[in-house]
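Biologist: I would like to learn how to read the packing of rings and helices in a model like this one. Could you take me through it step by step?

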Amino acid sequence: MDKIAVVILNWNGVKLLEQFLPSVIQFSEGAAIYVADNDSTDNSVAYVTEHFPTVKIAKNSGNYGFAKGYNDALKHIDAEIYALVNSDIEVTENWLQPILDTFEKENQTAIIQPKILDFKNKEYFEYAGAAGGFIDKYGFPFCRGRIFDTIEKDNGQYNDNIELFWASGACFFIRKKVFHELGGFDESFFAHQEEIDLCWRAANEGHIIKYNYQSVVYHVGGATLQQGNPKKTYLNFRNSLLMLVKNLPSKGLFFVIFFRMVLDGIAGIRFLTQGKFGNTFAILKAHFSFYCLSLKYLKKRKDFQIQQYYSVKSIVFLYYIKKLTLFKEIFNSIQNIKN
């Protein structure tokens, strides 16, 4: 068994592999490196085989998205630690060692996220993960270094290793044993928010999710679906509701979901006033899909859910009404971050 396997999910991404795979190979000494291919129709597999013969291929039989794509590939990869890395990630020297050291010292720590900076503007955090994720009472995710569309410059303000609620799927480290005990990602999600759902389920089982600032990667972001794409809007809104049904504490379950759906409706109206009709329709479609799937997801609930899953009651209120746009501005409102 390998100590760590770096697994890059790919679908028709030969250009990204050409650009970013060299940094992974250069700075991942001692790790097994895999490309998990979602049945690409370009020459991705042939390109990797020809130019990077040390990289192993885990070939899936279809384009299964992020969730099932990783689930299927990881069944055939034997390593103590999985590093799930987007194909548009540039890694840096010594990015693995701080992560491995943490896993070695902290048995309860099951999932770790590195510092994720913007490849296009390397002094700033990147949207998908930044310095680690949290959610509010109604399931809206936010990050240290990124709240909604406000992205902070990295001035070392998050150079600390703390517990998180969720780690970004853009660069996601998890113990193999925990991943498989949890059943992997929820395949019905296809893509988006599946990592938050997995982290929530891990927390319900008593596992710890951490951020490690000493490991740094740069993420392009939006290489598959741009922010604001109606398909991304649909998946984010639908999957967030499904995640709440599965993981919320029983007390207040239906109130929280109802109120979240009201907030979704307000978001739909906002998209409408901006002329983003496709996004408004995507929210309606997400809600219809949620209605169809809700009973199935109620059956997925486990016997125990952590009670204090959220850090603030409403990040929407703090950001849009109180105009608190930076994480440090709302820091005093956050109750459950542990050093």
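Modeller: Let us begin with rings: those of Phe, Tyr and Trp (its six-membered ring) pair if their centres lie within 6.5 Å, and planes under 30 degrees apart count as stacked, over 60 as edge-to-face and the rest as tilted. Here Phe66, Tyr70, Tyr82, Phe172, Phe179 and Phe185 form one aromatic cluster. Please keep in mind that this is a predicted model, in which local features need pLDDT of at least 70 and side-chain atom pairs count only at pLDDT 80 or more, while totals for chains, interfaces and linings use all residues. Residues are numbered from 1 along each chain as its sequence is written, and side-chain values use heavy atoms, with hydrogens and water left out.

Biologist: How many aromatic pairs does this rule give?

Modeller: The rule gives 25 aromatic pairs. In one of them, the ring centres of Tyr138 and Phe259 are 4.8 Å apart with planes at 45°, so this pair is tilted. Helices (H or I, at least four residues) and strands (E, at least two) are DSSP runs, numbered from the N terminus. With those names, Tyr138 is in the loop between strand S8 (133-135) and strand S9 (141-143), whereas Phe259 belongs to helix H8 (residues 253-273), 121 residues apart.

Biologist: Is Tyr138 buried or exposed?

Modeller: Buried means under 20% relative accessible area, exposed over 50%, and partly exposed in between (1.4 Å probe, protein chains only). Tyr138 has 9% relative accessibility and therefore counts as buried, while Phe259, at 31%, is partly exposed.

Biologist: Which residues of helix H2 (residues 44-51) are buried?

Modeller: As a general idea, an α-helix has 3.6 residues a turn, so residues three or four places apart point the same way. In H2, Ser44, Tyr47 and Val48 are buried. They cover an arc of only 95° around the axis (taken from the directions from the helix axis to the C-beta atoms), which puts them on the same side of H2.

Biologist: What do the buried residues of H2 pack against?

Modeller: Contact means heavy atoms within 4.5 Å, and the buried residues of H2 pack against strand S1 (2-10), helix H1 (14-27), strand S2 (32-37) and strand S3 (56-59). Of the 9 residues in S1, 7 are buried.

Biologist: Which way do S1 and S2 run relative to each other?

Modeller: Two strands pair if DSSP finds at least two bridges between them; S1 and S2 run parallel, joined by 6 bridges, and Asn10 stands opposite Asp37 in S2.
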